[in-house]
Amino acid sequence: MPANLPIEYYKLEEEYGSATRREDKLRILEKMLAVIPKHKGTQKVIAEIRLKISKLKKEAEKEARKKKGTRKRGIKKEGAAQVCLIGLPNSGKSYILNKLCNKNIPSTDVPFETGSPEVGMLDIDGVQIQLIEIPSIYPGFYEKRGEERNIISNCDLLCLVINREEDFDFIKKEIPLHKSYVIVSSRKLKELKESIWNKLDLIKVYTKEPGKPPEKRPVALKRGATVEDVGKEIHKDFIKKFRFAKVFRKHAKVKERKVGLNFVLEDGDIVEFHTS
Ligand SMILES: Nc1nc2c(ncn2[C@@H]2O[C@H](COP(=O)(O)OP(=O)(O)O)[C@@H](O)[C@H]2O)c(=O)[nH]1
Ligand SMILES: [Mg+2]
């Protein structure tokens, strides 16, 4: 360390030593750069300060990218599909989650009571669907709420909770309805489940082992899914060791058939895998 450094520099060095936050460290280092005399004797110290600054800046950038990345993904998907409830204040979004997903979210006449997204799992005939309530919308909502925007763009289906016709116009103005959506009411929960299920266009397939009854819990797959798609859901070895599958279809002419991996399944099919 060269001896002829100004007193401010040593003060800053002390301050730097006790700083913990990155932005403080950066600020102090910049000040050090400003007060340090520039000559041959200080070249090494200057280089060290510059290196510290650059490292801290890189760290900050990395963190910012990471933060942005997680927000981009919305909420981690669980179950067969992710459905987002959208509505005006008091339209009954929390009511739906409480009734259908066994949640206990505050749900009173207080508008904007739900301040951040709430998640629940909805069981439709044994298929688990993830239901997300996002806070009630207001003019400028979509523009202002990054997290909710990401949920809206990442989910599989928008579920518009509407009690009055004019509410749809409000939602339509506020939220770009680029993806598939359904309109539901909290007054008709059975219909709500049916609408969601129909719009998701999934099929339920039951797997079974030879000589055993079918599994109680179905596997949900996109319509058009094949035996191979079911196999992949269960275990990747099923495909490697696959010999054939038996498909049982209750309400068809042919109730049982021996099929290959490319066989296209229908809702309610029972699939029995035969492996080597
Ligand atoms: N009985 C009944 N109450 C409802 C229904 N939908 C909403 N509510 C009530 O209306 C108020 C606002 O509902 P809430 O779920 O908090 O609306 P949110 O703002 O959309 O989450 C609460 O007191 C709910 O209990 C419904 O279908 N039936
Ligand atoms: Mg709510």
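The protein chain splits into domain 1 (7-72), domain 2 (81-200) and domain 3 (202-275), with bounds that come from an automatic or database domain assignment. Keep in mind that this is a predicted model: local features need pLDDT of at least 70, side-chain atom pairs count only at pLDDT 80 or more, and totals for chains, interfaces and linings use all residues. On labels, residues are numbered from 1 along each chain as its sequence is written, while chains are lettered from A and ligands numbered from 1 in the order in which they are written.

**Domains 2 and 3**
- Five residues of domain 2 are in contact with six residues of domain 3 (contact: C-beta atoms, placed from the backbone, within 7 Å).
- The side of domain 2 that touches domain 3 is made up of three nonpolar residues, one polar and one charged (Ala, Val, Leu, Ile, Met, Phe, Trp, Tyr, Cys and Pro count as nonpolar, Asp, Glu, Lys and Arg as charged, and the others, Gly among them, as polar).

**Around ligand 1**
- Ligand 1 has 16 residues around it, and the closest are Gly92, Lys93, Ser94, Tyr95 and Ser186 (near: the C-beta atom, placed from the backbone, lies within 6 Å).
- Helix H4 (residues 93-101) gives the most to this shell, with three residues (helices are DSSP runs of H or I, at least four residues, and strands are runs of E, at least two, numbered from the N terminus).
- Sorted by class, the shell around ligand 1 holds ten polar, four charged and two nonpolar residues.

**The sheet E2-E3-E1-E4-E5**
- Five strands form an open sheet in the order E2-E3-E1-E4-E5, with mixed pairing (strands pair if DSSP finds at least two bridges between them).
- Strand E2 (118-124) and strand E5 (181-184) sit at the edges with a single partner strand each, so one side of each is left without a neighbour in the sheet.
- Strand E1 (residues 81-87) runs parallel to strand E4 (residues 157-161), paired over five bridges.
- Valine 83 stands opposite leucine 157 in E4.

**The sheet E7-E6-E10-E8-E9**
- Another open sheet of five strands, also with mixed pairing, has the order E7-E6-E10-E8-E9.
- Its edge strands, E7 (219-222) and E9 (256-259), each pair on one side only.
- Strand E6 (residues 202-208) pairs with strand E10 (residues 270-275) in the parallel sense, over three bridges.
- Across that pair, threonine 207 stands opposite valine 271 in E10.

Note on methods:
Two residues are in contact if their C-beta atoms, placed from the backbone, lie within 7 Å.
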